[in-house]
Amino acid sequence: MPKPKNQNIIDPNRMHTILNVSQNYHVRGGSDRYFFVLAELLKKHGHQVIPFTAASTKNEPSEWEDYFPRGADFERPGTGDLLRFVYSRDAMKSMQKLLGNTNVDIAHFHIYHGKLTASILGSLKKTGIPLIQTLHDYKLTCPVATHLSSDEICEACEGKYFRRALPKRCNRRSLARTALSVTESYVSRFLGSVDKFDHFISVSHFLRKKMIQYGIPENKISTIHNFTDVSDIVPNFSVGEYVLYFGRVDRSKGILTLIKAAAPLKQIPLYIAGDGEAISEVQQMIEENGCKHIHLLGFKQGEELRELILNSMCTILPSEWYENCPMAVLESFAYGKPVIGANIGGIPELIENEVDGLLVPPGEHELLRDRLLWMYEHKTEVTEMGNAARKKMETKFNADIHYEKIMDVYRKFL
């Protein structure tokens, strides 16, 4: 078990101990990837980083795992899991135990609701530890965190009237699930999901504006886009033979629109790397349309995903919800690949149309088809876009710039 450090008077210029808080100690999505890469970035600069996540058999090994509390079981929830989703006494006790054994300078939160819950905020606040949260979703203003209801954009709750989600059945069209999400949102707000935090970091200007629109104080939230460390990434500017989608296979990600767009383009192979709730619908569409050029690869990560990106023509993110700062775009750019992205949320903050990718209105499958065909027919331009994409990563979204921006926020509260 790691031993506590001696606590000194905090010098904002010295190395610090950062508590890195998130639901998972394994990668399920972009926010999880950011959780890990931020930890590596901070450790690279000499800081100690302590993870605090829910326990899971899927977790990566960690010397701190004895402190990880039991989280709610989202797959086969029982009565205890329903209560634990709203308020986790296990998480609260684990946090108290950790704070009793280790000195922490600052706590940096990511997505923590559901498995850790706002039960842990009080113990941290009592110690005087500054609380920072990077907002990867819309949980502060929407009980289901997406501003989606029945796969349509929804802002009915206006950031605080969470009960309005009940008649709309926003959580998987289930009244019971929605009632649980609504209850959790009210309890979290009461426990300090806004008030107890010293500062919020938005990963896009779009998200920041949405938070301010619905009541988060403007001086309490700043924008720091995500990053990818390109120092060890060798790009491939040659144009591959297939288009790649990687990420969750959900309706909100525009996956059905993508299949409609790609179905007639038999000459352009489409690889889909991921899994999700819409996978059966996607399989059915592929079979019904005889789309032998569309390949479902399942969930990929690590070296397998790296090779898929490196050898693609371009990647595609046809989302139909308020994407924030998708890591899929930045990772594609890092490998020298342009991106076809939906013109929604924070995506246009990353992609400059016809420079390092192409933008398309969300849900427009015919226009998306045109963009796919353009990429296929303009190999020289695709190479130029890939070069521009990589240059953007090196000059705007690199690790050094990101580190300085994060430290600028930390220093305000140390």
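Biologist: In which sense do strand E1 and strand E3 pair, and over how many bridges?

Modeller: The model is a predicted one. In it, strand E1 (residues 17-21) and strand E3 (residues 106-109) pair in the parallel sense over four bridges. Two strands count as paired if there are at least two bridges between them, and E1 and E3 have four, so the term applies. Val21 stands opposite Phe109 in E3.

Biologist: To which sheet order do E1 and E3 belong?

Modeller: They belong to an open sheet of six strands with the order E2-E1-E3-E4-E7-E8 and parallel pairing.

Biologist: What makes strand E2 and strand E8 edge strands?

Modeller: Strand E2 (48-52) and strand E8 (221-223) each pair on one side only. Neighbouring strands of this sheet are turned by 25° against each other on average, direction ignored.

Biologist: Which strands does helix H1 lie across?

Modeller: Helix H1 (residues 30-44) lies across E1, E2, E3 and E4, and runs at about 175° to E1. Helix H7 (residues 205-213) also packs on the sheet, where H7 touches E4, strand E7 (199-202) and E8.

Biologist: What is the order of the strands in the sheet that contains E9?

Modeller: That open sheet of six strands has the order E11-E10-E9-E12-E13-E14, with parallel pairing. Its edge strands are strand E11 (294-296) and strand E14 (357-360), and the twist averages 20° from one strand to the next.

Biologist: Why are strand E12 and strand E13 called paired?

Modeller: The requirement is at least two bridges. Three bridges join strand E12 (residues 314-317) to strand E13 (residues 339-342), so the two strands are paired. Here Ile316 stands opposite Ile340 in E13.

Biologist: Let us turn to charged side chains. Why is the contact of Glu184 with Lys139 called a salt bridge?

Modeller: The distance from N to O is 2.5 Å. The cut-off is 4 Å, and the value lies within that limit, so the pair is a salt bridge. The pair links distant parts of the chain: Glu184 is in helix H6 (residues 175-191), and Lys139 is in the loop between strand E4 (131-135) and strand E5 (148-149), 45 residues apart.

Biologist: How do you know whether Glu184 and Lys139 are buried or exposed?

Modeller: Buried means under 20% relative accessible area. Glu184 has 1% and therefore counts as buried. Lys139 has 12% and therefore counts as buried as well.

Biologist: What are the corresponding terms for Asp250 and Arg248?

Modeller: The side chains of Asp250 and Arg248 meet in a salt bridge at 3.0 Å, N to O. Asp250 is buried, because its relative accessible area is 13%. Arg248 has 36% and is therefore partly exposed, since that term covers values between 20% and 50%.

Biologist: How many salt bridges are there by this rule?

Modeller: The count comes to 21 salt bridges.

Biologist: Which residues have the most contacts inside the largest nonpolar core?

Modeller: Leu19, Phe109 and Leu372 have the most contacts inside this core of 107 residues. The largest share of the core, six residues, comes from helix H8 (residues 255-262). Beyond its neighbours within four places in sequence, Phe109 is in contact with several residues, including Val21, Ile120, Leu131 and Phe197. A second, separate core has 18 residues, among them Tyr403 and Ile406.

Notes
Residues are numbered from 1 along each chain as its sequence is written. This is a predicted model: local features need pLDDT of at least 70, side-chain atom pairs count only at pLDDT 80 or more; totals for chains, interfaces and linings use all residues. Side-chain values use heavy atoms; hydrogens and water are left out. Buried means under 20% relative accessible area, exposed over 50%, partly exposed in between (1.4 Å probe, protein chains only). Axes are lines fitted to C-alpha atoms, for helices over the stretch in contact, and angles run from 0 to 180 degrees between N-to-C directions. Contact means heavy atoms within 4.5 Å. A nonpolar core is a set of buried Ala, Val, Leu, Ile, Met, Phe, Trp, Tyr and Cys residues joined through side-chain atoms within 4.5 Å.
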